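Here is a short note to read alongside the model, written as numbered points. Keep the view open and look for the rings as you go.

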Amino acid sequence: MVLRIFRSGGCLGPKVYSEVPDGGWGWIVAVAFFLVEVFTYGVIKSFGIFLNDLMCEFNETNSRVSWIVSICVFVMTFTAPLSTILSNRFGCQPVVILGGFLICLGTTCTAFTSCMNQIYITIGIVSGLGYCLTFLPTVTILSQYFSRRRSLVTAMASTGESFAIFAFAPAFTALKTHIGWRYTMVVLGMLQGTILVCGLLLCPIIIKPKTTESFTKPLRKQELNNSPPDTELSDSMSSRDSGVQSFKELEHGLQMGGQQKDGDAFQTPQCQQDTTRRCRNKLMDLSVLKEGSFLCYAGFGLFATLGFFAPQLYIVELSVSMGTERDKAAYMLSIMAVAEIFGRLSIGWILSCGRIRKIFVLLGCVLLICLVLVLFTVVKGFWGLAVCCALYGFLLGNIASTHIPMLAEDDIVGINRMPLAVGVYVCIQSFAGLAGPPLGGLLVDITQNYSSAFYSCAAGTGIGALFLGLVRPAKTGFLCTKRSQHLPKQPCCQAQGSG
(Lines give C-alpha, C1' and ligand atoms only; values in the text may rest on other atoms or scores of the structure.)
Protein backbone atom coordinates (compact mmCIF):
# COMPACT_ATOMS: atom_id res chain seq x y z
CA MET A 1 0.00 0.00 0.00
CA VAL A 2 2.81 2.39 0.92
CA LEU A 3 4.68 1.68 -2.33
CA ARG A 4 1.51 2.38 -4.34
CA ILE A 5 1.34 5.84 -2.80
CA PHE A 6 4.92 6.63 -3.84
CA ARG A 7 4.44 5.20 -7.34
CA SER A 8 1.31 7.23 -8.02
CA GLY A 9 1.34 10.60 -9.66
CA GLY A 10 0.60 13.95 -8.11
CA CYS A 11 2.81 16.25 -6.12
CA LEU A 12 4.94 13.47 -4.65
CA GLY A 13 5.05 11.23 -7.75
CA PRO A 14 7.81 10.99 -10.38
CA LYS A 15 8.83 14.23 -12.11
CA VAL A 16 9.08 13.98 -15.91
CA TYR A 17 11.40 16.30 -17.87
CA SER A 18 12.58 16.38 -21.47
CA GLU A 19 16.17 16.91 -20.24
CA VAL A 20 18.02 17.39 -16.96
CA PRO A 21 16.19 20.45 -15.56
CA ASP A 22 19.08 22.02 -13.63
CA GLY A 23 16.36 23.20 -11.26
CA GLY A 24 12.61 22.61 -11.18
CA TRP A 25 11.68 20.18 -8.41
CA GLY A 26 15.43 19.85 -7.83
CA TRP A 27 15.30 22.98 -5.66
CA ILE A 28 12.85 21.24 -3.31
CA VAL A 29 15.19 18.25 -3.21
CA ALA A 30 18.05 20.63 -2.39
CA VAL A 31 16.13 21.98 0.62
CA ALA A 32 15.41 18.42 1.74
CA PHE A 33 19.11 17.55 1.42
CA PHE A 34 19.98 20.63 3.50
CA LEU A 35 17.75 19.41 6.35
CA VAL A 36 19.03 15.83 6.01
CA GLU A 37 22.58 17.14 6.38
CA VAL A 38 21.53 19.02 9.52
CA PHE A 39 20.23 15.91 11.26
CA THR A 40 22.77 13.36 10.00
CA TYR A 41 26.35 14.56 9.66
CA GLY A 42 25.55 17.68 11.70
CA VAL A 43 24.54 15.52 14.67
CA ILE A 44 27.45 13.10 14.24
CA LYS A 45 30.03 15.87 14.19
CA SER A 46 28.44 17.62 17.16
CA PHE A 47 28.43 14.47 19.28
CA GLY A 48 31.72 15.51 20.89
CA ILE A 49 29.80 17.76 23.31
CA PHE A 50 28.43 14.60 25.00
CA LEU A 51 31.79 12.82 25.39
CA ASN A 52 32.63 14.22 28.82
CA ASP A 53 29.10 13.54 30.12
CA LEU A 54 29.23 9.94 28.97
CA MET A 55 32.68 9.37 30.47
CA CYS A 56 31.49 10.69 33.84
CA GLU A 57 28.11 8.91 33.72
CA PHE A 58 29.48 5.46 32.87
CA ASN A 59 33.06 5.87 34.18
CA GLU A 60 34.57 5.06 30.79
CA THR A 61 37.74 6.07 28.94
CA ASN A 62 38.10 8.26 25.85
CA SER A 63 38.71 5.24 23.68
CA ARG A 64 35.58 3.41 24.87
CA VAL A 65 33.32 6.43 24.39
CA SER A 66 34.83 7.19 20.98
CA TRP A 67 33.60 3.79 19.79
CA ILE A 68 30.07 5.21 19.75
CA VAL A 69 30.84 7.52 16.85
CA SER A 70 33.09 4.90 15.28
CA ILE A 71 30.43 2.22 15.18
CA CYS A 72 27.86 4.74 13.98
CA VAL A 73 30.07 5.92 11.11
CA PHE A 74 31.06 2.37 10.22
CA VAL A 75 27.48 1.12 10.08
CA MET A 76 26.46 4.23 8.16
CA THR A 77 29.08 3.69 5.48
CA PHE A 78 29.48 -0.11 5.44
CA THR A 79 25.77 -0.61 4.77
CA ALA A 80 25.88 1.82 1.82
CA PRO A 81 25.37 -1.03 -0.71
CA LEU A 82 22.19 -1.95 1.14
CA SER A 83 20.99 1.63 0.82
CA THR A 84 21.79 1.58 -2.90
CA ILE A 85 19.98 -1.71 -3.50
CA LEU A 86 16.87 -0.69 -1.54
CA SER A 87 16.72 2.70 -3.24
CA ASN A 88 17.07 1.23 -6.72
CA ARG A 89 14.40 -1.37 -5.97
CA PHE A 90 11.78 0.59 -4.01
CA GLY A 91 12.69 4.23 -4.69
CA CYS A 92 14.38 6.68 -2.39
CA GLN A 93 11.22 8.06 -0.74
CA PRO A 94 10.26 5.01 1.38
CA VAL A 95 13.93 4.25 2.09
CA VAL A 96 14.63 7.74 3.46
CA ILE A 97 11.45 7.66 5.55
CA LEU A 98 12.52 4.33 7.05
CA GLY A 99 15.96 5.78 7.75
CA GLY A 100 14.45 8.81 9.47
CA PHE A 101 12.37 6.57 11.71
CA LEU A 102 15.44 4.54 12.73
CA ILE A 103 17.38 7.72 13.52
CA CYS A 104 14.61 9.04 15.77
CA LEU A 105 14.27 5.65 17.48
CA GLY A 106 17.99 5.22 18.13
CA THR A 107 18.58 8.74 19.45
CA THR A 108 15.52 8.71 21.72
CA CYS A 109 16.31 5.26 23.15
CA THR A 110 19.80 6.47 24.08
CA ALA A 111 18.24 8.55 26.84
CA PHE A 112 17.12 5.36 28.60
CA THR A 113 20.37 3.38 28.41
CA SER A 114 22.20 2.16 31.49
CA CYS A 115 25.60 1.13 30.07
CA MET A 116 27.94 1.93 27.22
CA ASN A 117 27.18 -1.29 25.32
CA GLN A 118 23.55 -0.25 24.98
CA ILE A 119 24.59 3.08 23.44
CA TYR A 120 26.70 1.13 20.95
CA ILE A 121 23.44 -0.43 19.79
CA THR A 122 21.13 2.60 19.91
CA ILE A 123 23.43 5.23 18.40
CA GLY A 124 25.98 2.98 16.72
CA ILE A 125 23.78 0.40 14.99
CA VAL A 126 20.18 1.67 14.93
CA SER A 127 20.88 5.34 14.23
CA GLY A 128 23.91 4.46 12.07
CA LEU A 129 21.75 2.36 9.77
CA GLY A 130 19.20 5.17 9.67
CA TYR A 131 21.89 7.67 8.67
CA CYS A 132 22.91 5.41 5.80
CA LEU A 133 19.36 4.92 4.49
CA THR A 134 18.81 8.68 4.69
CA PHE A 135 21.94 10.38 3.39
CA LEU A 136 22.99 8.44 0.29
CA PRO A 137 19.64 8.36 -1.55
CA THR A 138 19.22 12.09 -0.94
CA VAL A 139 22.60 13.17 -2.29
CA THR A 140 22.27 10.80 -5.26
CA ILE A 141 18.87 12.03 -6.43
CA LEU A 142 20.00 15.64 -5.98
CA SER A 143 22.84 14.96 -8.42
CA GLN A 144 20.32 13.69 -10.99
CA TYR A 145 18.28 16.91 -10.96
CA PHE A 146 21.28 19.11 -11.83
CA SER A 147 24.00 19.08 -14.46
CA ARG A 148 25.77 22.39 -15.05
CA ARG A 149 25.07 23.70 -11.55
CA ARG A 150 25.49 20.36 -9.79
CA SER A 151 28.63 21.31 -7.85
CA LEU A 152 27.28 24.68 -6.74
CA VAL A 153 23.85 23.41 -5.63
CA THR A 154 25.30 20.37 -3.85
CA ALA A 155 27.77 22.59 -2.02
CA MET A 156 25.03 25.03 -0.97
CA ALA A 157 22.72 22.27 0.22
CA SER A 158 25.49 20.52 2.12
CA THR A 159 26.01 23.60 4.31
CA GLY A 160 23.24 22.18 6.49
CA GLU A 161 25.91 20.13 8.23
CA SER A 162 27.88 23.28 9.04
CA PHE A 163 24.85 25.22 10.26
CA ALA A 164 24.01 22.29 12.51
CA ILE A 165 27.46 22.24 14.11
CA PHE A 166 27.34 26.01 14.58
CA ALA A 167 23.93 25.86 16.26
CA PHE A 168 24.03 22.51 18.05
CA ALA A 169 27.35 22.95 19.87
CA PRO A 170 26.38 25.96 22.02
CA ALA A 171 22.64 25.19 22.10
CA PHE A 172 22.89 21.61 23.34
CA THR A 173 25.77 22.51 25.66
CA ALA A 174 23.49 25.02 27.35
CA LEU A 175 20.46 22.73 27.20
CA LYS A 176 22.13 19.78 28.89
CA THR A 177 23.26 21.98 31.76
CA HIS A 178 19.57 22.65 32.52
CA ILE A 179 17.86 19.33 31.74
CA GLY A 180 20.78 16.88 31.56
CA TRP A 181 22.22 14.97 28.64
CA ARG A 182 19.48 12.30 28.67
CA TYR A 183 16.58 14.68 28.09
CA THR A 184 18.72 16.53 25.56
CA MET A 185 18.91 13.29 23.60
CA VAL A 186 15.11 13.07 23.63
CA VAL A 187 14.82 16.61 22.26
CA LEU A 188 17.37 15.80 19.56
CA GLY A 189 15.51 12.64 18.57
CA MET A 190 12.26 14.59 18.19
CA LEU A 191 13.97 17.20 16.01
CA GLN A 192 15.34 14.44 13.77
CA GLY A 193 11.75 13.54 12.90
CA THR A 194 12.04 16.29 10.26
CA ILE A 195 13.78 13.71 8.08
CA LEU A 196 10.46 11.88 7.62
CA VAL A 197 9.05 14.93 5.83
CA CYS A 198 12.21 15.30 3.76
CA GLY A 199 11.82 11.73 2.52
CA LEU A 200 8.39 12.55 1.06
CA LEU A 201 9.90 15.34 -1.05
CA LEU A 202 12.48 13.16 -2.84
CA CYS A 203 10.50 12.55 -6.02
CA PRO A 204 12.26 10.38 -8.64
CA ILE A 205 13.12 11.99 -11.97
CA ILE A 206 12.34 10.58 -15.43
CA ILE A 207 13.99 11.99 -18.56
CA LYS A 208 11.53 11.77 -21.46
CA PRO A 209 12.87 13.36 -24.69
CA LYS A 210 10.26 15.38 -26.60
CA THR A 211 11.19 13.85 -29.95
CA THR A 212 10.01 10.40 -28.89
CA GLU A 213 6.91 11.43 -26.95
CA SER A 214 4.58 10.32 -29.75
CA PHE A 215 6.20 6.88 -29.75
CA THR A 216 6.25 6.28 -26.03
CA LYS A 217 2.59 7.03 -25.35
CA PRO A 218 1.20 4.21 -27.56
CA LEU A 219 3.89 1.89 -26.25
CA ARG A 220 3.00 2.59 -22.65
CA LYS A 221 -0.69 1.99 -23.42
CA GLN A 222 -0.01 -1.39 -25.02
CA GLU A 223 2.31 -2.45 -22.17
CA LEU A 224 -0.41 -1.70 -19.66
CA ASN A 225 -2.83 -3.88 -21.64
CA ASN A 226 -0.47 -6.81 -22.19
CA SER A 227 1.61 -6.83 -18.97
CA PRO A 228 0.85 -7.85 -15.39
CA PRO A 229 0.31 -5.08 -12.82
CA ASP A 230 3.90 -5.21 -11.57
CA THR A 231 5.40 -4.22 -14.91
CA GLU A 232 8.99 -3.43 -15.62
CA LEU A 233 8.07 0.12 -16.52
CA SER A 234 6.30 0.79 -13.23
CA ASP A 235 9.24 -0.73 -11.37
CA SER A 236 11.63 1.53 -13.20
CA MET A 237 9.50 4.59 -12.56
CA SER A 238 9.45 3.84 -8.85
CA SER A 239 13.22 3.46 -8.85
CA ARG A 240 15.43 6.42 -8.16
CA ASP A 241 18.06 5.58 -10.74
CA SER A 242 17.03 2.62 -12.85
CA GLY A 243 13.89 4.48 -13.90
CA VAL A 244 15.97 6.99 -15.80
CA GLN A 245 18.25 4.41 -17.35
CA SER A 246 15.47 2.00 -18.29
CA PHE A 247 13.48 4.72 -19.99
CA LYS A 248 16.50 5.85 -22.00
CA GLU A 249 17.18 2.33 -23.14
CA LEU A 250 13.52 1.94 -24.01
CA GLU A 251 13.67 5.07 -26.16
CA HIS A 252 16.82 3.80 -27.87
CA GLY A 253 15.17 0.49 -28.62
CA LEU A 254 12.23 2.24 -30.25
CA GLN A 255 14.50 4.23 -32.53
CA MET A 256 16.69 1.26 -33.51
CA GLY A 257 14.36 -1.69 -33.70
CA GLY A 258 10.81 -0.86 -32.79
CA GLN A 259 9.49 -0.06 -36.23
CA GLN A 260 6.81 -2.74 -36.39
CA LYS A 261 3.21 -1.59 -36.05
CA ASP A 262 0.10 -3.30 -34.85
CA GLY A 263 -2.83 -0.95 -35.35
CA ASP A 264 -1.82 2.37 -33.80
CA ALA A 265 0.74 1.05 -31.30
CA PHE A 266 4.33 -0.16 -31.53
CA GLN A 267 5.40 -3.62 -30.43
CA THR A 268 8.47 -3.86 -28.21
CA PRO A 269 11.14 -6.25 -29.60
CA GLN A 270 12.13 -9.19 -27.43
CA CYS A 271 15.69 -7.94 -27.23
CA GLN A 272 14.46 -4.62 -25.84
CA GLN A 273 12.47 -6.41 -23.15
CA ASP A 274 15.61 -8.31 -22.16
CA THR A 275 17.57 -5.06 -21.94
CA THR A 276 14.91 -3.49 -19.73
CA ARG A 277 14.86 -6.55 -17.49
CA ARG A 278 18.63 -6.54 -17.12
CA CYS A 279 18.59 -2.85 -16.22
CA ARG A 280 15.91 -3.42 -13.63
CA ASN A 281 17.83 -6.29 -12.03
CA LYS A 282 21.11 -4.35 -11.90
CA LEU A 283 20.78 -2.85 -8.45
CA MET A 284 24.48 -2.26 -7.78
CA ASP A 285 27.51 -1.89 -10.05
CA LEU A 286 30.53 -3.93 -8.93
CA SER A 287 32.29 -3.59 -12.28
CA VAL A 288 33.81 -0.31 -11.05
CA LEU A 289 36.19 -2.42 -8.96
CA LYS A 290 37.92 -3.33 -12.23
CA GLU A 291 38.73 0.33 -13.01
CA GLY A 292 42.03 1.72 -11.82
CA SER A 293 40.69 5.25 -11.46
CA PHE A 294 37.88 4.16 -9.16
CA LEU A 295 40.21 2.01 -7.04
CA CYS A 296 42.56 4.94 -6.55
CA TYR A 297 39.67 7.21 -5.66
CA ALA A 298 38.33 4.62 -3.20
CA GLY A 299 41.81 4.52 -1.63
CA PHE A 300 41.63 8.27 -1.21
CA GLY A 301 38.24 8.01 0.51
CA LEU A 302 39.48 5.18 2.73
CA PHE A 303 42.47 7.06 4.19
CA ALA A 304 41.20 10.65 4.03
CA THR A 305 38.22 9.68 6.20
CA LEU A 306 40.66 9.26 9.09
CA GLY A 307 40.85 13.05 9.24
CA PHE A 308 37.15 13.79 8.90
CA PHE A 309 35.78 13.08 12.39
CA ALA A 310 38.51 13.09 15.03
CA PRO A 311 39.13 16.88 15.04
CA GLN A 312 35.46 17.57 15.83
CA LEU A 313 35.57 14.96 18.60
CA TYR A 314 38.73 16.17 20.30
CA ILE A 315 39.06 19.88 19.56
CA VAL A 316 37.15 20.86 22.71
CA GLU A 317 39.29 18.66 24.97
CA LEU A 318 42.47 19.78 23.16
CA SER A 319 41.54 23.41 23.81
CA VAL A 320 40.87 22.70 27.51
CA SER A 321 44.20 20.88 27.83
CA MET A 322 45.93 24.00 26.47
CA GLY A 323 44.37 26.23 29.12
CA THR A 324 41.17 27.44 27.43
CA GLU A 325 38.04 27.57 29.56
CA ARG A 326 35.51 24.87 28.66
CA ASP A 327 32.77 27.35 27.82
CA LYS A 328 35.04 29.14 25.36
CA ALA A 329 36.38 25.85 24.02
CA ALA A 330 32.87 24.90 22.89
CA TYR A 331 33.01 27.82 20.45
CA MET A 332 35.82 26.06 18.56
CA LEU A 333 33.19 23.87 16.92
CA SER A 334 31.18 26.95 16.00
CA ILE A 335 34.21 28.62 14.42
CA MET A 336 34.90 25.45 12.50
CA ALA A 337 31.29 25.28 11.33
CA VAL A 338 31.11 28.89 10.11
CA ALA A 339 34.35 28.46 8.16
CA GLU A 340 33.00 25.22 6.71
CA ILE A 341 29.97 27.06 5.35
CA PHE A 342 32.20 29.48 3.45
CA GLY A 343 34.32 26.57 2.27
CA ARG A 344 31.34 24.70 0.83
CA LEU A 345 29.99 27.77 -0.94
CA SER A 346 33.35 28.82 -2.35
CA ILE A 347 34.22 25.38 -3.73
CA GLY A 348 30.80 25.16 -5.36
CA TRP A 349 31.38 28.47 -7.12
CA ILE A 350 34.91 27.53 -8.18
CA LEU A 351 33.91 24.15 -9.59
CA SER A 352 30.91 25.60 -11.43
CA CYS A 353 33.22 27.88 -13.41
CA GLY A 354 34.69 24.85 -15.19
CA ARG A 355 38.07 26.45 -15.88
CA ILE A 356 40.12 23.85 -14.02
CA ARG A 357 39.78 20.10 -13.68
CA LYS A 358 37.78 19.46 -10.52
CA ILE A 359 39.87 16.59 -9.25
CA PHE A 360 42.96 18.83 -9.12
CA VAL A 361 41.10 21.34 -6.95
CA LEU A 362 40.13 18.54 -4.58
CA LEU A 363 43.74 17.34 -4.43
CA GLY A 364 44.96 20.80 -3.45
CA CYS A 365 42.42 20.99 -0.63
CA VAL A 366 43.44 17.57 0.72
CA LEU A 367 47.12 18.54 0.81
CA LEU A 368 46.35 21.78 2.64
CA ILE A 369 44.10 20.16 5.24
CA CYS A 370 46.89 17.69 6.01
CA LEU A 371 49.16 20.63 6.81
CA VAL A 372 46.51 22.28 9.00
CA LEU A 373 46.06 19.09 11.04
CA VAL A 374 49.74 19.28 11.95
CA LEU A 375 49.41 22.97 12.86
CA PHE A 376 46.82 22.08 15.52
CA THR A 377 49.60 20.48 17.55
CA VAL A 378 51.99 23.44 17.18
CA VAL A 379 49.91 26.54 17.96
CA LYS A 380 49.18 27.75 21.49
CA GLY A 381 46.34 29.66 23.08
CA PHE A 382 42.72 30.34 22.14
CA TRP A 383 43.37 32.43 19.04
CA GLY A 384 45.94 30.06 17.59
CA LEU A 385 43.50 27.19 17.82
CA ALA A 386 40.70 29.41 16.50
CA VAL A 387 42.71 30.16 13.35
CA CYS A 388 43.43 26.47 12.85
CA CYS A 389 39.74 25.67 13.32
CA ALA A 390 38.83 28.27 10.71
CA LEU A 391 41.32 26.89 8.19
CA TYR A 392 40.34 23.30 8.88
CA GLY A 393 36.63 24.07 8.61
CA PHE A 394 37.11 25.93 5.33
CA LEU A 395 39.09 23.10 3.75
CA LEU A 396 36.84 20.41 5.19
CA GLY A 397 33.88 22.19 3.60
CA ASN A 398 35.65 22.04 0.26
CA ILE A 399 36.32 18.30 0.55
CA ALA A 400 33.14 17.11 2.25
CA SER A 401 30.83 18.75 -0.28
CA THR A 402 32.66 17.40 -3.33
CA HIS A 403 34.14 13.95 -2.63
CA ILE A 404 30.88 12.01 -3.23
CA PRO A 405 29.49 14.16 -6.11
CA MET A 406 32.95 13.88 -7.70
CA LEU A 407 32.02 10.30 -8.61
CA ALA A 408 29.70 11.79 -11.24
CA GLU A 409 32.68 13.27 -13.12
CA ASP A 410 34.13 11.46 -16.12
CA ASP A 411 37.50 11.26 -14.35
CA ILE A 412 35.92 8.72 -11.96
CA VAL A 413 32.82 6.81 -13.18
CA GLY A 414 30.46 9.39 -14.73
CA ILE A 415 26.91 10.49 -13.91
CA ASN A 416 25.19 7.43 -15.44
CA ARG A 417 27.05 4.98 -13.20
CA MET A 418 27.35 7.20 -10.15
CA PRO A 419 24.09 6.09 -8.42
CA LEU A 420 25.14 2.44 -8.67
CA ALA A 421 28.79 2.99 -7.71
CA VAL A 422 28.32 5.34 -4.76
CA GLY A 423 27.37 2.47 -2.44
CA VAL A 424 30.59 0.62 -3.24
CA TYR A 425 32.68 3.74 -2.65
CA VAL A 426 31.10 4.57 0.70
CA CYS A 427 31.32 0.93 1.81
CA ILE A 428 35.08 0.95 1.22
CA GLN A 429 35.28 4.27 3.04
CA SER A 430 33.55 2.77 6.06
CA PHE A 431 36.58 0.91 7.42
CA ALA A 432 38.44 4.16 8.04
CA GLY A 433 35.36 5.56 9.76
CA LEU A 434 35.44 2.58 12.10
CA ALA A 435 39.15 2.85 12.88
CA GLY A 436 39.64 6.64 12.98
CA PRO A 437 38.06 7.84 16.26
CA PRO A 438 39.08 4.79 18.35
CA LEU A 439 42.63 5.05 17.03
CA GLY A 440 42.74 8.69 18.08
CA GLY A 441 41.21 7.81 21.48
CA LEU A 442 43.72 5.00 22.00
CA LEU A 443 46.64 7.31 21.22
CA VAL A 444 45.23 9.88 23.64
CA ASP A 445 44.92 7.27 26.41
CA ILE A 446 48.51 6.07 25.81
CA THR A 447 50.22 9.45 25.44
CA GLN A 448 47.85 11.47 27.68
CA ASN A 449 48.06 14.15 24.96
CA TYR A 450 45.21 15.07 22.61
CA SER A 451 47.70 16.20 19.96
CA SER A 452 48.44 12.58 19.08
CA ALA A 453 44.92 12.17 17.64
CA PHE A 454 45.62 15.00 15.19
CA TYR A 455 48.88 13.38 14.09
CA SER A 456 47.04 10.20 13.16
CA CYS A 457 44.52 12.26 11.18
CA ALA A 458 47.29 14.05 9.30
CA ALA A 459 49.01 10.76 8.42
CA GLY A 460 45.81 9.24 7.05
CA THR A 461 44.95 12.35 5.04
CA GLY A 462 48.45 12.44 3.55
CA ILE A 463 48.13 8.85 2.30
CA GLY A 464 44.71 9.72 0.91
CA ALA A 465 46.23 12.61 -1.05
CA LEU A 466 48.71 10.19 -2.61
CA PHE A 467 45.90 7.95 -3.88
CA LEU A 468 43.93 10.94 -5.14
CA GLY A 469 46.93 12.08 -7.16
CA LEU A 470 46.94 8.72 -8.97
CA VAL A 471 43.29 8.91 -10.11
CA ARG A 472 43.85 10.98 -13.23
CA PRO A 473 46.93 9.01 -14.42
CA ALA A 474 45.01 5.77 -13.92
CA LYS A 475 42.08 7.08 -15.97
CA THR A 476 44.21 8.32 -18.87
CA GLY A 477 46.33 5.15 -18.97
CA PHE A 478 49.58 6.74 -17.84
CA LEU A 479 50.05 4.08 -15.14
CA CYS A 480 49.73 1.33 -17.76
CA THR A 481 52.27 2.65 -20.25
CA LYS A 482 54.47 -0.44 -20.22
CA ARG A 483 51.63 -2.84 -20.75
CA SER A 484 50.17 -0.60 -23.45
CA GLN A 485 53.33 -0.99 -25.53
CA HIS A 486 52.47 -4.67 -25.97
CA LEU A 487 48.77 -3.94 -26.58
CA PRO A 488 48.76 -0.84 -28.80
CA LYS A 489 45.18 -1.28 -29.94
CA GLN A 490 43.63 -1.50 -26.48
CA PRO A 491 45.43 0.12 -23.53
CA CYS A 492 44.58 -1.62 -20.30
CA CYS A 493 43.24 1.41 -18.48
CA GLN A 494 41.09 2.33 -21.44
CA ALA A 495 39.69 -1.19 -21.55
CA GLN A 496 38.84 -1.00 -17.89
CA GLY A 497 37.30 2.45 -18.10
CA SER A 498 35.09 1.58 -21.06
CA GLY A 499 33.21 -1.08 -19.13
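1. A word on the model: it is predicted, so local features need pLDDT of at least 70 and side-chain atom pairs count only at pLDDT 80 or more, while totals for chains, interfaces and linings use all residues. Residues are numbered from 1 along each chain as its sequence is written, and side-chain values use heavy atoms, leaving out hydrogens and water.

2. Rings of Phe, Tyr and Trp (its six-membered ring) pair if their centres lie within 6.5 Å; planes under 30 degrees apart are stacked, over 60 edge-to-face, and the rest tilted. This rule gives 17 aromatic pairs. One of them is edge-to-face: Phe-58 and Trp-181, at 6.2 Å centre to centre with 70° between the planes. Phe-58 is in helix 4 (residues 51–58) and Trp-181 in helix 10 (residues 160–191), so the pair ties together parts 123 residues apart in sequence. Helices here are DSSP runs (H or I, at least four residues), numbered from the N terminus.

3. Are Phe-58 and Trp-181 buried or exposed? Both are buried, meaning under 20% relative accessible area (1.4 Å probe, protein chains only), with exposed being over 50%.

4. Now find Tyr-297 and Phe-300: their ring centres are 5.3 Å apart and their planes at 50°, so this pair is tilted. Tyr-297 and Phe-300 are both buried.

5. Phe-33, Tyr-41 and Phe-135 form a cluster linked by ring pairs.

6. A charge sits over a ring if NZ of Lys or CZ of Arg is within 6 Å of the ring centre and within 35 degrees of the ring normal. Lys-15 lies over the face of Trp-25, 4.2 Å from the ring centre. The charged end of Arg-89 sits over the ring of Phe-90, at 5.3 Å from its centre.

Notes. Helix = DSSP H or I, 4+ residues; strand = E, 2+ residues; numbered from the N terminus.
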